[in-house]
Amino acid sequence: MYILGVNAYHGDSSACVYKNGTLIAATEEERFRRIKHWAGFPSQAIEFCLKEAGIKVQDLDYIAISRDPKANFGKKVVTALKQKLSIKNIIDRVSNLKKAASIEDEFISLFKLQSGELKAKIVNVEHHRAHLASAFFPSPFEKSALLSIDGMGDFTSTMIGTGEGTQISVLDSVSYPHSVGIFYTTFTQWLGFPHYGDEYKVMGLAPYGEAKYVDKLRQVLKFLPNGLFELNLDYFNHAKKGVNMVWEGGIPAVDSIYSDKLIAEFGPVRKAEDKLEQYHYDMAASVQRFTEELIYHILNGLHARTGLDSVCIAGGVAQNSVANGKIIQNTPFKKLYIPPAGHDAGTAIGAALWVYHQELKNNREEVMWHGYFGAKFTNAEVEAVLKAQNIDYRVLNDSELFDEVSQCLIDGGVVGWFQGRAEFGPRALGHRSILADPRRTDAKEILNAKIKRRESFRPFAPSILKEHTATYFERVDDVPFMEKVFVIKPEMRASIPAVTHVDGTGRLQTVDANIEPKYYGLIAAFHQKSGVPILLNTSFNENEPIVNKPEEALACYLRTKMDMLVMENVVIRRS
Ligand SMILES: [Fe+2]
């Protein structure tokens with residue numbers, strides 16, 4: 001049985017395909033379109049997934065879409081009347097619903113099908129149920145509490161529930177316009193970061209400030225005794241005026257959400273080109289701390305209602321790796337699972353698994369311990385790309401490769417490392433990564449000068465051999481997807497300055513030899529020479545989506561000052 005999962009007309013559009021409960025391929029449309037967070041109908045991702053599965057669209061049994069235009073319709077009408085949503089806002093929403101309803105037409109026109117040729121049953125899975133399914137069904141837990149938390153999808157922003165075996169039960173939810181994601185995005189915009197997906201910049205900024213204004217934020221968002229929350233809508237625009245969100249055929253765009261009252265209380269909006277003042281750092285710290293408190297409030301409430309030890313989390317807010325890293329200390333939960341694509345791209349997985357388990361009641365087959373489900377290229381394919389451009393290269397065996405690359409890193413080099421299948425999800429995890437020596441105090445400056453040119457306050461992350469985690473970090477846990485930030489032991493910070501954030505933390509990836517032997521082998525070679533079992537790992541891109549194919553990796557290498565490019569076992573270096 002083949003199930004295609006699709007996230008369409010939402011940020012980070014994506015597709016995946018399952019064969020009898022086994023994930024064959026998963027990818028984000030942005031990797032093909034080369035536009036970050038691309039939103040719309042993910043036609044190229046769908047074509048890629050079908051090709052990987054070796055099937056035609058006619059062979060699909062189900063197409064699962066992670067949105068349900070009919071979901072929460074009553075709530076939508078009530079809110080529209082209560083909040084006096086503008087006519088334009090309602091029209092925008094209705095036209096978006098119509099678009100989603102014509103998904104069958106999209107398939108018919110994409111694959112030039114005759115009527116009746118598409119046999120697959122199309123199933124709409126409500127957005128947050130898809131998030132919950134994306135976290136629970138691939139988790140290692142038989143029974144677990146569940147949380148989905150984001151800006152908004154299908155008119156809901158937060159959903160709690162439980163999962164047991166093949167079934168998910170929803171306990172409660174928070175409806176639009178109330179939303180943790182909208183709260184965080186509003187202050188992200190107010191701090192001068194207007195683009196979709198800029199929230200992680202506020203998280204990076206927060207450790208430079210003091211969380212002085214947490215109490216002031218309590219008037220903006222109220223914690224409720226039932227373990228949920230509500231926004232004070234006087235501080236926001238989205239409910240009254242309607243906020244234009246563009247989800248079709250390109251980069252998602254969101255209008256400004258802060259109201260005049262927010263500006264009156266918190267001061268003027270910072271323009272992107274304005275200098276960051278101490279006040280901005282303090283506000284970033286306060287927003288981050290307050291959001292952490294809110295997440296723990298929701299989780300504490302969820303624990304009280306379920307009494308379960310394990311929790312699975314997904315949704316855009318589940319990308320807050322700083323908050324995630326402290327969940328076990330701040331809640332009664334003992335075990336936590338967050339999938340590699342906790343954001344909206346992951347709802348393609350969730351929708352497919354919802355159909356396979358929840359609706360068809362099939363047993364769960366596999367735990368998702370890695371996110372390597374994208375495009376892959378052989379040595380021969382890489383060599384063909386280089387030959388076509390008359391570029392000299394060498395092909396090494398694995399041990400020669402580990403030796404040469406680790407030496408280049410030790411000598412101060414920056415290496416593009418392109419291996420195996422591309423990662424599904426926002427993080428590069430050693431398959432589409434740029435690597436550097438974490439011991440160098442100047443690594444951040446070198447990387448920013450040579451390649452990234454990104455804001456100086458943003459940290460770089462460490463990949464660590466799993467069994468050395470306890471030597472460097474105060475917590476020991478599997479962190480396969482860089483989904484948590486942990487405190488680095490004070491005595492170790494000076495030895496890895498390039499991956500130690502200003503507050504002494506690191507957003508780690510624990511690398512397991514059984515799951516990722518080649519990346520493990522490289523770090524082990526570096527460890528043997530340097531005594532440090534860690535590499536600095538940042539995504540292989542330069543202000544663009546992560547590179548997907550060898551041509552893009554080569555172009556990135558050629559236009560930046562990277563010292564070495566390794567694709568599979570093929571090496572090119574600057575002389
Ligand atoms: Fe979402």
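Is D282 buried or exposed? D282 is buried, with a relative accessible area of 3%; buried stands for under 20% relative accessible area, exposed for over 50%, and partly exposed for values in between (1.4 Å probe, protein chains only).

The model is predicted: local features need pLDDT of at least 70, side-chain atom pairs count only at pLDDT 80 or more, and totals for chains, interfaces and linings use all residues. Residues are numbered from 1 along each chain as its sequence is written, and side-chain values use heavy atoms, with hydrogens and water left out.

## Salt bridges

A salt bridge is taken as a side-chain nitrogen of Lys or Arg within 4 Å of a carboxyl oxygen of Asp or Glu. By this rule there are 29 salt bridges.

| Lysine | Aspartate | N to O distance |
|---|---|---|
| K201 | D198 | 3.5 Å |
| K212 | D282 | 3.4 Å |
| K334 | D309 | 3.7 Å |

In the salt bridge of K201 with D198, K201 is buried at a relative accessible area of 11%, and D198 is buried at 4%.

The side chain of K212 meets that of D282 in a salt bridge. This pair links distant parts of the chain, 70 residues apart: K212 belongs to the loop between α8 (199-205) and α9 (214-217), while D282 belongs to helix α11 (residues 278-306). Helices here are DSSP runs of H or I with at least four residues, strands are runs of E with at least two, and both are numbered from the N terminus.

K334 and D309 also form a salt bridge. K334 lies in the loop between α13 (327-330) and β14 (335-337) and D309 in the loop between α11 and β13 (310-314), so this pair ties together parts that are 25 residues apart in sequence. K334 counts as exposed, at 58% relative accessibility, whereas D309 counts as partly exposed, at 36%.

Beyond these pairs, a network of salt bridges links R34, E542, E544, E552 and R559.

## The iron site

Which residues coordinate the iron ion? The donors are H127 (NE2), H131 (NE2), D150 (OD) and D344 (OD), at 2.0 to 2.2 Å. Donors are N, O and S atoms within 2.8 Å of the metal (3.2 Å for Na, K and Ca); water is not among the atoms, so sites may look incomplete.

The spacing of the donor residues in sequence is H-x3-H-x18-D-x193-D. H127 and H131 are 4 residues apart in helix α6 (residues 127-136), and therefore about one helical turn separates them. H127 is buried, with a relative accessible area of 0%, and H131 is buried with a value of 0%.

The site of the iron ion is irregular, with angles of 88 to 164° among its 4 donor atoms. Four donors count as tetrahedral if all angles lie between 85 and 135 degrees; four count as square planar and six as octahedral if opposite donors are over 155 degrees apart and all others between 65 and 115; anything else is irregular. For reference, ideal angles at a metal are 109.5 degrees for four tetrahedral donors, and 90 or 180 degrees for six octahedral ones.

## Aromatic pairs and charges over rings

Rings of Phe, Tyr and Trp (its six-membered ring) pair if their centres lie within 6.5 Å; planes under 30 degrees apart count as stacked, over 60 as edge-to-face and the rest as tilted. The whole structure contains 18 aromatic pairs.

One of them is the tilted pair of F32 and F48, with 5.7 Å centre to centre and 45° between the planes. F32 in helix α1 (residues 30-33) and F48 in helix α2 (residues 43-53) are 16 residues apart, and their pair links distant parts of the chain. F32 is partly exposed, with a relative accessible area of 22%, whereas F48 is buried, at 12%.

F107 and F111 form a stacked pair, 6.3 Å centre to centre with 15° between the planes. F107 counts as buried at 0% relative accessibility, and F111 as partly exposed at 22%.

One aromatic cluster is formed by F183, F187, W190, Y213, F223, Y235, F266, Y279 and F290.

A charge sits over a ring if NZ of Lys or CZ of Arg is within 6 Å of the ring centre and within 35 degrees of the ring normal. The charged end of R270 is placed over the ring of F193, 5.4 Å from its centre, and that of R432 over the ring of F418, 3.8 Å from its centre.
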